[in-house]
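Student: Could we go through the ligand site together? I'd like to start with the surroundings and then turn to the pocket.

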Amino acid sequence: MELEASLEQSVQTRIFKIIVIGDSNVGKTCLTVRFCGGAFPASTEATIGVDFREKAVEIEGEHIKVQVWDTAGQERFRKSMVEHYYRNVHAVVFVYDVTKMASFLNLKTWIEECNGHAVPALVPKVLVGNKCDLQDQIQVPSSVALKFADAHNMLLFETSAKDPKESQNVESIFMCLACRLKAQKSLLYRDMERQQGKAQKTQLLPEASGKNSCPC
Ligand SMILES: Nc1nc2c(ncn2[C@@H]2O[C@H](COP(=O)(O)OP(=O)(O)OP(=O)(O)O)[C@@H](O)[C@H]2O)c(=O)[nH]1
Ligand SMILES: [Mg+2]
């Protein structure tokens, strides 16, 4: 009985695919490890292609799997994978390094790439400025980042994958997206159900269709 219940749960668990993109060395791997594993990695190497991480979360009683795609920032390590990143993506996290202006300026290119892969406008996107623990090296003022985020209809998070005090903030980046996706998808399901209801009504009332072709 217990096995049945757990099987049913795993069959029903929804998976939200979230991709993390941005320049090499901005801390994408550290942020995703922090979210999925809890700790700041002692050392990292440049990601090749993509690394998958998953975290099971519960939102309003529903078990959801957040599948994080930690992508490579270096062009030579990502070329062949780009199509896979964007296929059926549910949400996008753009990361820059607050101590590297170039990584912030390059966001334009990352956004263009994302738009170039026909990611629907409805797909939620957030902006993350990482490495805030390096306070004396900050090159990207919050006000500038906020303006950019606003212009692109994104929420801005400034955080640090390294600082343990920020781990809650890192968590909230992904949880905020998961909550938005859950709300969005519940609405979609409700719309689909409504439409199915309409279709059934049309089939059930064939004689009515002769008098009035509108099924409403
Ligand atoms: N001070 C500080 N260093 C960080 C932080 N996050 C990551 N780093 C360091 O930044 C370097 C790059 O981190 P990664 O997470 O590997 O960067 P990445 O964006 O995944 O790089 P690619 O895989 O090449 O795209 C590492 O040396 C990390 O230790 C942070 O919040 N604060
Ligand atoms: Mg990486």
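Student: How many residues surround ligand 1, and which are the closest?

Tutor: Bear in mind that this is a predicted model. In it, 21 residues surround ligand 1, and the closest are Ser24, Lys28, Thr47, Gly73 and Asp133.

Student: What does that shell look like by class?

Tutor: The shell around ligand 1 is made up of nine polar, seven nonpolar and five charged residues.

Student: And which helix gives the most to the shell?

Tutor: That is helix α2, spanning residues 28–37, which gives three residues to the shell around ligand 1.

Student: Okay, contacts now. Where does the side chain of Lys28 lie relative to ligand 1?

Tutor: Lys28, which is also listed among the closest residues, has a polar side-chain atom 2.7 Å from an oxygen atom of ligand 1.

Student: Which backbone atoms lie by an oxygen atom of the ligand?

Tutor: For Ala161, a backbone N or O atom lies 2.9 Å from an oxygen atom of ligand 1, while for Lys162 a backbone N or O atom lies 3.2 Å from an oxygen atom of ligand 1.

Student: How much of the ligand's area does the protein bury?

Tutor: Ligand 1 exposes 660 Å² when taken alone, and the protein buries 87% of that area.

Student: Switching topic: which pocket does ligand 1 sit in?

Tutor: Ligand 1 sits in the largest pocket, which holds about 370 Å³ of space.

Student: How many residues line that pocket, and which lie nearest its centre?

Tutor: The lining of the largest pocket has 23 residues, and those nearest its centre are Asn25, Gly27, Cys30, Thr44 and Lys131.

Student: Which elements give two or more residues to that lining?

Tutor: They are α2 and β3, the latter covering residues 62–71, and the largest share, three residues, comes from α2.

Student: Last one: what is the lining like by class?

Tutor: The lining of the largest pocket comprises 11 polar, six nonpolar and six charged residues.

Note on methods:
Residues numbered from 1 in each chain as written. Chains lettered and ligands numbered in written order. Predicted model: local features only at pLDDT ≥ 70, side-chain atom pairs only at ≥ 80, totals over all residues. Heavy atoms only, no water. Near = heavy atom within 4 Å. Polar contact = N/O pair within 3.5 Å; in protein donor to acceptor, adjacent residues only side chain to side chain. Areas by Shrake-Rupley, 256 points an atom, 1.4 Å probe, with all protein chains shown as cover. 1 Å grid on protein atoms, 1.4 Å probe; cavity = no way out; pocket = protein on both sides within 12 Å on 5 of 7 lines; lining within 4 Å. Sits in = over half its atoms within 2 Å of the grid points. Helix = DSSP H or I, 4+ residues; strand = E, 2+ residues; numbered from the N terminus. Nonpolar A, V, L, I, M, F, W, Y, C, P; charged D, E, K, R; others polar. Points joined across faces, edges and corners; volume = space filled by probe spheres on them.
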